[in-house]
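Q: Please take a close look at one part of this structure, for a reader who is new to it. Please also set that part within the whole chain.

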Amino acid sequence: MSAIKLSICIPTYNRRDYLRTALEQFAGYAFSFPYEIVISDNASTDDTTQLVEEFIGKGLPIHYHRRAENGGAGPNIFNAYLQAVGQYVMLHADDDFLVASGIEEAIAYLDANDDVVACHAPWYLYDEVQDRDVSLFYQVEQDTKFPRQNFVELFQFMYDNHVFPEIGIYRATALRTAWLPRELCFWAFSCLAHYLDQGAVAFLQKPFYRSVTVSKVAPTRQQAGIDDVMTGWDMYRGGLEYFLHIAAVRGKLNTSEEACAVYDQMCKIFTMTRMSVAVRFWVARHDYLKAYEIYTRMAMGGFGEHPEVIELRKLFPVMVALQTLAYLLNSASGVSHLVLSDIDDPDYIATLLREVGLGEEIAIVSKPSALDASLIGTSALFSTTAAGRDSFITQGYRSNFIFIESELAQYTLI
């Protein structure tokens, strides 16, 4: 029996600077129990190995395992788990931090509750530059334990609180058989079903994890998990349906036609809520084409008036038109200039066009008279009205490179 109470598993790949920041935090944790840091290196080509050796030399209880080749994120996580020898195991991203007091309480809770095989908690979204917790990713009003195979109540809990059970500490004996490769059904929901099938699952009120959203290493970096939020809503729904499937097979779920319709609607609402967040994130990235595509699905699902999108959708007609224009011109060869015609505020429109991705190699000209006549043959023209189209063609503009705002926006329907 290992004397190690907790294995903290950190998969990494070519993230030396982030890993250094994460490991530096351990000096201030001072846990009351023996623990290990299991680092699985996915064959990094930077000096991750030297960095790890440095921290081993400083006395951190690191067990370092370097894979022979990069097999992707999934195998790297599995390797970390397989190498862990602690009584309890948790996953730690190489750019995040722990909340030591929360870890202590979670371990004490697990020690006092032998029936609990997985202990979850909400986590902080943390701004490292400002050194502050920005918000909590979901909330739990009080410590709550769900007995083994109590799928229905746990599903309702996740639905009511929009819970994503991504941060957890697991009993190693359960982890070995519960953590299975699942890609099309979101792993956090599918693995949760496996844990609950084996024993009780708890959701604690106090966080024990900080997800760094703004890092001192690279303040503008993109979190890997954000991509899932922006594109993975069908995977989230798949995870919920997987959870319900396990419940049904175990005979813990009413599978009548009426009951299945209710659960289907709950999965739909949960997914639509995630999609509304994706719309907001795509708009923040100035990608209105993707935001509008998601909105159309929300609208057909009955969520076109969702609070997250009701204001954003006002932007779609103009911004989708401008981004479509930018997309088309970036795709075309031989276009040197874009001429703006009949535009009230050409400087503002030019700024928006750059914002939505118009290449810098295409110069923007504020009005037709400002363009040298010799450049007309390699120029496109954008106008708010089709009235002057024939005149522009007569001047030498190519007809298929004359873009009218109403035509670009005609299929952006709200």
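A: Helices (H or I, at least four residues) and strands (E, at least two) are DSSP runs, numbered from the N terminus. By this rule the chain has 15 helices and 16 strands. The model is a predicted one, in which local features need pLDDT of at least 70 and side-chain atom pairs count only at pLDDT 80 or more, while totals for chains, interfaces and linings use all residues. Residues are numbered from 1 along each chain as its sequence is written, and side-chain values use heavy atoms, with hydrogens and water left out.

The whole chain comes before the part. Its C-alpha trace spans about 85 × 60 × 35 Å along the principal axes. Of its 414 residues, 50% count as buried, where buried means under 20% relative accessible area, exposed means over 50%, and partly exposed lies in between (1.4 Å probe, protein chains only). A contact means heavy atoms within 4.5 Å. Among the contacts in the chain with a separation of 6 or more, 75% are accounted for by residues 24 or more positions apart.

In α1, the buried residues are Tyr18, Leu19, Thr21, Ala22 and Leu23. An α-helix has 3.6 residues a turn, so residues three or four places apart point the same way. The cover over the buried residues of α1 includes β1 (6–12), β2, α2 (48–57), β3 (62–66) and β5 (97–98).

The loop between α1 (16–24) and β2 (35–41) holds alanine 30. Although alanine 30 is not a glycine, its phi is positive, at about 50°. Alanine 30 counts as exposed because its relative accessibility is 66%.

Histidine 162, however, is buried, because its relative accessible area is 17%.

A further loop, between β13 (337–341) and α13 (346–355), contains aspartate 344. With a relative accessibility of 82%, aspartate 344 counts as exposed.
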